[in-house]
Amino acid sequence: MSISEYYTPTHVLFGQDAETKVAEELEALKVKKVLVHFGGKSAVRSGLIKKITDLLDAKGIKYELLGGVKPNPRIELAREALELCRRKNIDFVLAVGGGSVIDSAKAICYGIYNGGDPWDFYSGARVPKGSAGLGVVLTLAAAGSEMSDSSVLTNEELGLKRGCNTNYCRAKFALMNPELTYTLPPYQISCGTVDIAMHTIERFFHAGKGIGITDALAGSLIRTVFEKGASCLENPLDYEAHASLMWASSLSHNGLMALGNDTKGDWACHQLEHELSGMFDIAHGAGLAIVFPAWARFVSKEKPARFAELGKAVFGIDGETESACDKTIGKFQELFRSLDMPLSLKEAGIEPSEEQIKELAKKCSFFSTRKIGNFRVLDEKDMETIYRMML
């Protein structure tokens, strides 16, 4: 067995009114000036931004505001924010939102500390040597970026979506009030549910040996995520369901679900989906609902046993390995359908040409310079095949 790592430096405050502790957290860190970074008008309309700025004003903490983060966050806004931070001598970024806002904030933090263009860290041109401080007021259970080492940005000019993973970008604190997720649209809750589950599923399909306790935790988390996601949709004011889903988003992506495994997981589904959302701007969770069944049917032909193990852990499926494997993949498709997620590109309104399929695979392979996946390694031709299976 290889050595695995679990590192969680984020101070989490979880529960009703957790966001009211924001000024205290910033004071404890001796922050000089804060960029309050957020998404669209809902954060302002709900009164959350004013609530936060009132708390900062009461403590005399200086700040600047910058909203406008979109799903599949853009490097252009991160660059704009970075220029603001340099002009105003900002040393800390407070992300008020979900994964897109947090990922944008992480890029800004990299830029503040390292200088230059933050896209360098996502293109692989440079490796970060540190990061400015990051805090989070979470308003969406999905990406898990509030406790993860990862962030993903889209470069619209290049048509690329790329990630950067380092422990430097882990948030100093995450304030998590489940009530802030009550007013989310059903589609966002559904996408978030799939995203959370997939972060654990990706880690379940590691290469090599693992340990039983991590498999058991994974099965329980995935099962609970789908149960609580459905409950949130049925009753938008169900505090326990929203709380369970919010905490699951962190547990699924903070490294816990890979502890004891020989590798950190497969991650081919995420890599394949990044190109879909980079080219067609599909929501990440919806894209993963399309990618996973296609990937699973492609790779399970050679390795059905691990899918059968997943089916037993999540659904209690027993029986002959190949049959259990097929039932497991089908069961996940049923769950995605129950959340009104698309199961094919056509259902998502995407009908790529043959040239676009080749382009997706070319970009996913970093222009024929890499393979993806650990559970089963995929080359560029494999990627093309899987994209066609999504049609």
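Biologist: What makes helix 10 count as largely enclosed by the rest of the structure?

Modeller: This is a predicted model, by the way. Buried means under 20% relative accessible area, and 10 of the 13 residues of helix 10 are buried, so the helix is largely enclosed. Among those buried residues are Cys269, His270, Glu273 and His274. The cover includes strand 6, strand 7, helix 7, helix 11, helix 14 and helix 15.

Biologist: Which residues have the most contacts inside the largest nonpolar core?

Modeller: Those are Phe292, Trp295 and Tyr387, in a core of 98 residues. Helix 11 gives the largest share of this core, 11 residues. Apart from it there's another core, of 20 residues, including Phe92 and Phe173.

Biologist: What does tryptophan 295 touch?

Modeller: Leaving out residues up to four places away in sequence, its contacts include Ala268 and Cys269, along with Phe205, Phe307 and Ile386. Ala268 and Cys269 are also on the list of buried residues of helix 10.

Biologist: Why is isoleucine 211 called partly exposed?

Modeller: Buried would need under 20% and exposed over 50%; isoleucine 211 has 33% relative accessibility, so it counts as partly exposed. You'll find isoleucine 211 in the loop between helix 7 and helix 8. Together with Ile213 and Leu217, Ile211 makes a nonpolar surface patch of about 240 Å².

How values were computed
Residues numbered from 1 in each chain as written. Predicted model: local features only at pLDDT ≥ 70, side-chain atom pairs only at ≥ 80, totals over all residues. Heavy atoms only, no water. Buried < 20%, exposed > 50% of the residue type's maximum accessible area, 1.4 Å probe, protein only. Helix = DSSP H or I, 4+ residues; strand = E, 2+ residues; numbered from the N terminus. Contact = heavy atoms within 4.5 Å. Core = buried A, V, L, I, M, F, W, Y, C linked by side-chain atoms within 4.5 Å. Patch = residues over 30% accessible without salt bridge, like charges linked within 9 Å, V, L, I, M, F, W, Y side chains within 5 Å. Areas by Shrake-Rupley, 256 points an atom, 1.4 Å probe, with all protein chains shown as cover. Salt bridge = Lys/Arg side-chain N within 4 Å of Asp/Glu carboxyl O.
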